[in-house]
Amino acid sequence: MEDCIFCKIVAGKIPSKKIYEDEHVFAFHDINPVAPVHFMIIPKKHVDSLAHVTDKDAPVLGHILAIAGRLASDQGSPEGFRTIVNTGRIGRQDVYHLHVHVIGGPNPLPRMIAKE
Ligand code: 5GP
Ligand code: ZN
């Protein structure tokens with residue numbers, strides 16, 4: 001999709017630190033990491049958000065979750081990690097190309113979400 005930064009990353013038009021790619025997905029380091037390990041796995045096909053998926057997207061979503069653990073381990077988070085899918089205005093999504101954040105490192109992360 002035009003004007004989508006993650007589509008441009010998939011196409012190589014914007015540089016990224018790629019960690020994995022196959023026919024259906026692309027994984028790359030977050031430009032602004034919040035933990036020692038922080039990368040994103042995205043479908044190559046543009047989907048706006050988790051609120052926009054249909055059953056047709058289920059295989060690629062399953063594939064993303066199926067590879068997350070191996071990639072997290074490869075990146076230095078072998079004892080677990082956190083996946084986050086920010087969705088829409090309420091979920092504070094900034095980039096409207098569906099992405100699964102994978103966050104971890106050698107030490108336990110802060111607990112989930114701080115109460116405001
Ligand atoms: P969201 O808030 O939509 O879940 O997260 C978007 C993420 O994309 C943010 O963590 C942000 O740091 C990351 N990001 C935004 N632009 C770029 C970019 O051009 N390259 C990379 N590698 N990450 C980006
Ligand atoms: Zn896109």
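Which residue forms a salt bridge with Glu 21, the closest N and O atoms being 2.7 Å apart? I looked this up first, and the partner is Lys 18.

**Ground rules.** I note that this is a predicted model, where local features need pLDDT of at least 70, side-chain atom pairs count only at pLDDT 80 or more, and totals for chains, interfaces and linings use all residues. Residues are numbered from 1 along each chain as its sequence is written, chains are lettered from A and ligands numbered from 1 in the order in which they are written, and side-chain values use heavy atoms, with hydrogens and water left out.

**Salt bridges.** I used this rule: a side-chain nitrogen of Lys or Arg lies within 4 Å of a carboxyl oxygen of Asp or Glu. The count by this rule is four. I then checked accessibility (buried is under 20% relative accessible area, exposed over 50%, partly exposed in between, with a 1.4 Å probe and protein chains only). Glu 21 is partly exposed at 34%, and Lys 18 is partly exposed at 47%. Glu 21 also meets Lys 44 in a salt bridge of 2.8 Å, N to O. Glu 21 lies in strand β1 (residues 18-21) and Lys 44 in the loop between β3 and α2, so this pair ties together parts that are 23 residues apart in sequence. For the elements, I took helices (H or I, at least four residues) and strands (E, at least two) as DSSP runs, numbered from the N terminus.

I found another salt bridge between Asp 57 and Lys 45, at 3.1 Å, N to O. Both residues lie in the loop between β3 and α2, twelve residues apart in sequence. Asp 57 is buried at 7%, whereas Lys 45 is exposed at 54%. Shared partners join Lys 18, Glu 21 and Lys 44 into one network.

**Zinc site.** I looked up the donors of the zinc ion (ligand 2), which are N, O and S atoms within 2.8 Å of the metal (3.2 Å for Na, K and Ca). The protein donors are Cys 4 (SG), Cys 7 (SG), His 46 (ND1) and His 97 (ND1), lying 2.1 to 2.3 Å from the zinc ion. Their spacing along the chain is C-x2-C-x38-H-x50-H. His 46 sits in the loop between β3 (37-43) and α2 (58-75), and His 97 in the loop between β4 (82-84) and β5 (100-104), 51 residues apart. I read His 46 as buried, at 18%, and His 97 as buried, at 0%.
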